[in-house]
Amino acid sequence: MRVTERAQHAVRYAKQEAGRLGHDRVGTEHLLLGLLHDQECLAVATLGGLGIAPETVRRRVEETVGQGPGEPGMGFGLPMTKPATLVLSLAGRETMELEGDRLGTEDLLLGLAREGEGVAARVLQELGGGLLELREAVAAQYAAGVDPEPFPPERGPPPWQPPPSAELRRVIPLVHEHRLPSGDQLVLISLEIWSDWLDLRYGVVYATPEPEGELPRPPVLGTCEVSDRAGTEYINWTSSHPGFGMVRIHQRTFVPAPPAGTELLELRFSQPDTMPGEAPPQLVSTVDLR
């Protein structure tokens with residue numbers, strides 16, 4: 001099941017809302033506030049169909065939870081509460097029950113109401129947006145022929161095939177460990193240098209079990225970039241990793257291979273919850289090729 005771009009942004013906005021309010025976790029109330037950021041999304045349209053104004057929802061949520069004890073921040077790396085994680089699974093179930101082909105912001109809204117016990121569910125119920133009312137409003141939008149929310153744009157270069165004359169030149173063990181803001185562990189395993197490309201292998205060791213439900217585990221790492229002092233342009237052509245488990249092994253293929261005489265490579269991992277236009281916080285590791 002694919003998640004729409006607006007639904008992905010809503011989850012990122014939720015972290016931003018938790019940081020803005022000085023809270024140390026992302027709860028159902030922050031997910032609801034995150035949905036309100038995009039006035040063009042189907043969740044806001046669904047609330048509008050019930051006569052519920054976004055500003056009314058925002059005011060009621062903020063009156064309920066108040067300002068937290070922490071310093072306001074951007075919310076990067078904040079963990080999600082168990083009810084908020086449950087909402088993501090429930091949203092996926094709503095998508096399937098409505099026979100949809102994508103999880104959109106309207107499904108997140110239904111997941112918040114279906115959870116039933118969090119701040120978001122209570123606020124929605126008080127304003128006349130209980131689960132049955134919201135389901136009817138979503139069904140009415142579908143019946144009216146509303147356009148579905150778009151998927152994220154396709155990213156990355158076209159498929160790449162290694163040349164038939166490939167030659168493995170070096171295997172460099174890395175064995176570096178880094179604690180991620182999410183509380184999980186990044187383990188750099190090895191760097192394989194071939195005649196025309198390089199393969200980076202690393203693992204992510206998760207601190208919590210796989211979430212229940214149909215949705216995949218939220219990402220804890222964003223992009224990965226390779227650079228050297230000569231300014232070589234390394235392109236990440238392919239990436240692969242298994243879908244489940246407490247430990248996931250990733251492989252990223254970059255082209256070209258490091259030029260002869262390259263002494264150091266720099267690996268940069270960004271965080272996944274960077275808002276558009278913002279400079280992403282990065283984790284940097286240096287590999288000595290000498």
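Student: What makes up the largest nonpolar core here, and which residues have the most contacts inside it?

Tutor: In this predicted model, the largest nonpolar core has 35 residues, and those with the most contacts inside it are Leu32, Leu47, Val57, Leu108, Leu109, Leu112 and Leu124. A nonpolar core is a set of buried Ala, Val, Leu, Ile, Met, Phe, Trp, Tyr and Cys residues joined through side-chain atoms within 4.5 Å, where buried means under 20% relative accessible area with a 1.4 Å probe, protein chains only.

Student: Which helix gives the largest share of this core?

Tutor: That is α6, with five residues. Helices here are DSSP runs (H or I, at least four residues), numbered from the N terminus.

Student: What is valine 57 in contact with, leaving aside its neighbours within four places in sequence?

Tutor: With Leu32, Leu36, Leu47, Ile52, Val123 and Leu127; contact means heavy atoms within 4.5 Å.

Student: Why is α4 called oblique to α7?

Tutor: The axes of α4 (residues 54-65) and α7 (residues 119-126) come within 10 Å and cross at roughly 130°. Angles under 35 degrees count as roughly parallel, over 145 as roughly antiparallel, 65 to 115 as roughly perpendicular and the rest as oblique, so α4 is oblique to α7.

Student: Which residues make that contact?

Tutor: Val57, Arg60, Val61, Thr64 and Val65 of α4 meet Val119, Arg122, Val123 and Glu126 of α7.

Tutor: A note on the model: residues are numbered from 1 along each chain as its sequence is written. Local features need pLDDT of at least 70, side-chain atom pairs count only at pLDDT 80 or more, and totals for chains, interfaces and linings use all residues, while side-chain values use heavy atoms, without hydrogens and water.

Key:
Axes fitted to C-alpha atoms, helices over the stretch in contact; angles between N-to-C directions. Helix = DSSP H or I, 4+ residues; strand = E, 2+ residues; numbered from the N terminus. Buried < 20%, exposed > 50% of the residue type's maximum accessible area, 1.4 Å probe, protein only.
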